[in-house]
Amino acid sequence: MSSNPFSLLANLFYPRLCGGCRRNLYTGENYICTHCLMELPFTRYHRMADNPLERMFRGRIPVEGVTSLLFFNRGGIARKLLHRVKYYGDTHTALAMGRLLGETLLDSHFAGCGAVVPVPLHPARQRVRGFNQSSLIAQGVHEETGIPFHDDWLQRVEATETQTRKTREARWENVATAFAAGASFAECSGPILLIDDVLTTGATLEACARVVLAAGTGVMLATLACSNR
Ligand SMILES: [Zn+2]
């Protein structure tokens, strides 16, 4: 956090807690305490050519890179952080994790992307939830990398059911036609960096990437977490 008088004042009334362990944060710690930060299970896939996530998409879509910041282990910190974002509406943690992802991507070929675009929620679901966590993560990536952020370049045109309990095939049928381009992508100077919170089967990201590729623009994928494989 900063020396911004407003945030200092806010801290007097709302003690800042770590998004991972809920311990009080010290000055200089932002959203995640130093201990939890050290414990985060980083994949380091952004600097690994032919990483397991890229192999997962091979033969499905021609992506120029796939990475994920953290492994999503049962009971692990990444899971706790994302749980806080999704079910408690902890938008600050989403933004902070996005910034961490952005900072990580700076020294890799992901930094050459022309736009950061989040996987959209259907407007009806976003109204209920109040925010799109992927959009907050993408905003954080933009803030650290300076890559232009475009929240409206992809649109969710079908409200799909939750993916959680579906098989890979069912997930694909569920989302295959759910997205549409909200822009021509013509003003994009490099591949589009698609951002989502979690990568599991990749069905949602694949459906989004197909829309981008159909518009003639390259695509790279980054998420906060991926299942450990
Ligand atoms: Zn902590």
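**Helix faces, loops and buried cysteines**

On helix α4, the face turned away from the buried side carries two exposed residues, Tyr 87 and Tyr 88. Here exposed means over 50% relative accessible area, buried under 20%, and partly exposed in between, with a 1.4 Å probe and protein chains only. The structure is a predicted model, in which local features need pLDDT of at least 70 and side-chain atom pairs count only at pLDDT 80 or more, while totals for chains, interfaces and linings use all residues. Residues are numbered from 1 along each chain as its sequence is written, and side-chain values use heavy atoms, with hydrogens and water left out.

Let me stay with α4. This helix covers residues 77-88, 12 residues in total. Helices are DSSP runs of H or I with at least four residues, strands are runs of E with at least two, and both are numbered from the N terminus. From its first C-alpha to its last, α4 reaches 16 Å, close to the 16 Å expected at 1.5 Å a residue; that expected span is 1.5 Å times one less than the number of residues. Which residues of α4 are buried? They are Ile 77, Ala 78, Leu 81, Leu 82, Arg 84 and Val 85. Seen down the axis of α4, these buried residues fall within an arc of 150°, so they line one face of the helix. The arc is taken over the directions from the helix axis to the C-beta atoms. As background, an α-helix has 3.6 residues a turn, so residues three or four places apart point the same way.

Helix α8, residues 168-175, can be described in similar terms. Its buried residues are Arg 171, Asn 174 and Val 175. Around the axis they cover an arc of only 80°, which puts them on the same side of α8. Turned away from that buried side is a face with the exposed residues Glu 169 and Glu 173.

Arg 22 has a phi near 65°, which is a positive value in a residue other than glycine. Arg 22 sits in the loop between α1 (5-13) and α2 (34-39), and it is partly exposed, at 35% relative accessible area. Asp 50 is not a glycine either, and has a positive phi of about 60°. The loop that holds Asp 50 runs between α2 and α3 (52-57), and Asp 50 is partly exposed, with a relative accessible area of 35%.

Three further residues come with a C-alpha separation. Asp 90 lies in the loop between α4 and α5 (91-105). Is Asp 90 buried or exposed? Asp 90 is buried, at a relative accessible area of 13%. Its C-alpha is separated by 9.1 Å from that of Gln 133, 43 residues apart along the chain. Asp 151 belongs to the loop between α7 (133-145) and β3 (154-156), and is partly exposed at 40% relative accessible area. Between the C-alpha atoms of Asp 151 and Gln 139, which are 12 residues apart along the chain, the separation is 8.7 Å. Asn 228 is placed in the segment after β6 (219-227) and counts as partly exposed, at 47% relative accessibility.

Next, the cysteines. How many disulfides does the model contain? The count is 0, where a disulfide is a pair of cysteine sulfur atoms within 2.5 Å. For Cys 226, the closest cysteine sulfur is that of Cys 208, at 18 Å, which is too far for a bond. Cys 226 is buried, with a relative accessible area of 0%. Cys 33 is also buried, at a relative accessible area of 0%.

Lining the largest cavity are Leu 121, His 122, Arg 125, Arg 156, Ala 159 and Thr 160. A cavity is a set of points, on a 1 Å grid over the protein atoms alone, where a 1.4 Å probe fits but cannot get out; lining residues have an atom within 4 Å of a point.

Technical notes:
On a 1 Å grid over the protein atoms alone, a cavity is a set of points where a 1.4 Å probe fits but cannot get out, and a pocket is an open set with protein on both sides within 12 Å along at least five of seven lines; lining residues have an atom within 4 Å of a point.
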